[in-house]
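Please read this briefing alongside the sequence and the coordinates, taking the topics in turn.

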Amino acid sequence: MMKILMLGAGGVGGYFGGRLVQAGADVTFLVREGRAAQLRGGLRIESPNGDATIPVKVITADAPKAEFDVIILSCKAYGLTGALEAIAPFVREGVAILPLLNGFGHLKQIEARFPDAIVWGGIAGVAASLTEDGVVRQMLAFQTIGAGVRAGRSDGQATLESLVAALKRAGIDAAVSDNVERAMWEKWCFLATLAASTCLMRAPIGEILATDHGETLITGLFEECNRTASAEGWTPAPKPTQDYRDKLLERGSNFTASMMRDMESGHATEADHIIGDMIARARRHGLETPLLQVAYSRLQIHETRRRASGD
């Protein structure tokens, strides 16, 4: 049986890893001591797809070296450097690493740290968060993962297909992507728009659209992101673009970005990785991104105040 190491047991890693264990997969969670203590009584999930308390295997950074076939990274972008150090003892030549991070810049960082590993591309879709008492709470029923071998490569295809099959057995809407880098860019454009608009306005999509100029703001942000993707060589495909646009323009929607929820809670955000990197890439091509820049300034103020308060 494929052996999977899941780095993290928060909203993303806890949800997908827990469902894999429920379906019989061999998953070990690599977590900090505090989270390990919470998991001793089982990984608790509250979800529209069914609540569960799942006994899980847990290790911490001081665990003896072990071998795994796949390592899944479910950390936040600002925690990536620490995450790579944490998995280093378990990385061997040919091991497959699936990062479920948003954006694009993390791929080079992982490859630079582990040049002998196989680094896939991946996107995850789940509205879930970790409560203070350690419950993984899924707010909406959707649960998707797309993963793929990156352009010009063929390594790890069979292992990837086995992992996707295991995810499907767990009830996850999973698929092998034949152009995972473009899929990552498509999601990045959507997420940067969602995060920029909801963080700037401190409101869900439906409330923004109910204002006189809310639709103009959201469509303007989306266009800035899509122009950047095209300039980078990853022009978004028509159908995913329209699907994402429909989500962004859904009247009455309570949809917000997890970045806004982090901001409201006074936590660190992925602003640099999601919005700052998009702006930097646009600038390299001489593209103007005035709306993204305004949103990024708001998030930078949040980060400055958070650091000043010692959080």
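**Briefing on cavities, rings and selected residues**

Helix α6 gives the largest share of the lining of the largest cavity, namely four residues. The model is a predicted one, and α6, which spans residues 180-201, comes back under several of the topics that follow.

**The cavity**

- The structure holds one cavity of 30 Å³ or more, and the volume of the largest cavity is about 40 Å³.
- The residues that line the largest cavity are L101, N102, G103, G122, I123, M184, K187, W188 and L191.
- At least two residues of this lining come from each of β9 (121-130) and α6 (180-201).
- Sorted by class, the lining of the largest cavity consists of five nonpolar, three polar and one charged residues.

**Aromatic pairs**

- A pair of aromatic rings is described by the distance of the centres and the angle of the planes.
- The count of aromatic pairs in this model comes to seven, and one of them joins F104 and W185 in a tilted arrangement, with 5.8 Å from centre to centre and 40° between the planes.
- Because F104 lies in the loop between β7 (96-99) and α4 (106-113) while W185 belongs to helix α6, this pair ties together parts that are 81 residues apart in sequence.
- Both partners are on the buried side of the cut-off, which is set at under 20% relative accessible area: F104 has a relative accessibility of 13% and so counts as buried, and W185 is buried with a relative accessible area of 0%.
- The rings of F190 and Y244 have centres 4.7 Å apart and planes at 20°, and because planes under 30 degrees apart count as stacked, this pair is a stacked one.

**Charges over rings**

- The charged end of K247 sits over the ring of F190, at 6.0 Å from the ring centre, and F190 is the residue whose ring is also stacked with that of Y244.
- In a second case, the charged end of K3 sits over the ring of F68, at 5.6 Å from the centre of that ring.

**The second largest pocket**

- The second largest pocket contains about 180 Å³ of space, and among the 14 residues that line it, Y78, T269, A271, D272 and E303 are the closest to its centre.
- The elements that contribute two or more residues to the lining of this pocket are α11 (271-284) and α12 (290-308), and the largest share, six residues, is that of α12.
- By class, the lining of the second largest pocket divides into six nonpolar, three polar and five charged residues.

- A192 has its place in helix α6 and is buried, with a relative accessible area of 0%.
- Leaving aside residues up to four places away in sequence, A192 touches C225, I274, I275 and M278; the C-alpha atoms of A192 and M278 are 8.0 Å apart, although the two residues are 86 residues apart along the chain.
- E215 is found in helix α8 (residues 214-231), and with a relative accessibility of 35% it counts as partly exposed.
- The contacts of E215, again not counting residues up to four places away in sequence, are L209, L249 and R251; E215 and R251 are 36 residues apart in sequence, with 9.9 Å between their C-alpha atoms.
- R202 lies in the loop between α6 and α7 (205-209), where its phi is near 50°, a positive value in a residue other than glycine.
- The relative accessibility of R202 is 36%, and R202 therefore counts as partly exposed.

Technical notes:
Residues are numbered from 1 along each chain as its sequence is written. This is a predicted model: local features need pLDDT of at least 70, side-chain atom pairs count only at pLDDT 80 or more; totals for chains, interfaces and linings use all residues. Side-chain values use heavy atoms; hydrogens and water are left out. On a 1 Å grid over the protein atoms alone, a cavity is a set of points where a 1.4 Å probe fits but cannot get out, and a pocket is an open set with protein on both sides within 12 Å along at least five of seven lines; lining residues have an atom within 4 Å of a point. Grid points are joined across faces, edges and corners, and a volume is the space filled by probe spheres set on the points. Ala, Val, Leu, Ile, Met, Phe, Trp, Tyr, Cys and Pro count as nonpolar, Asp, Glu, Lys and Arg as charged, and the others, Gly among them, as polar. Buried means under 20% relative accessible area, exposed over 50%, partly exposed in between (1.4 Å probe, protein chains only). Contact means heavy atoms within 4.5 Å. Rings of Phe, Tyr and Trp (its six-membered ring) pair if their centres lie within 6.5 Å; planes under 30 degrees apart count as stacked, over 60 as edge-to-face and the rest as tilted. A charge sits over a ring if NZ of Lys or CZ of Arg is within 6 Å of the ring centre and within 35 degrees of the ring normal.
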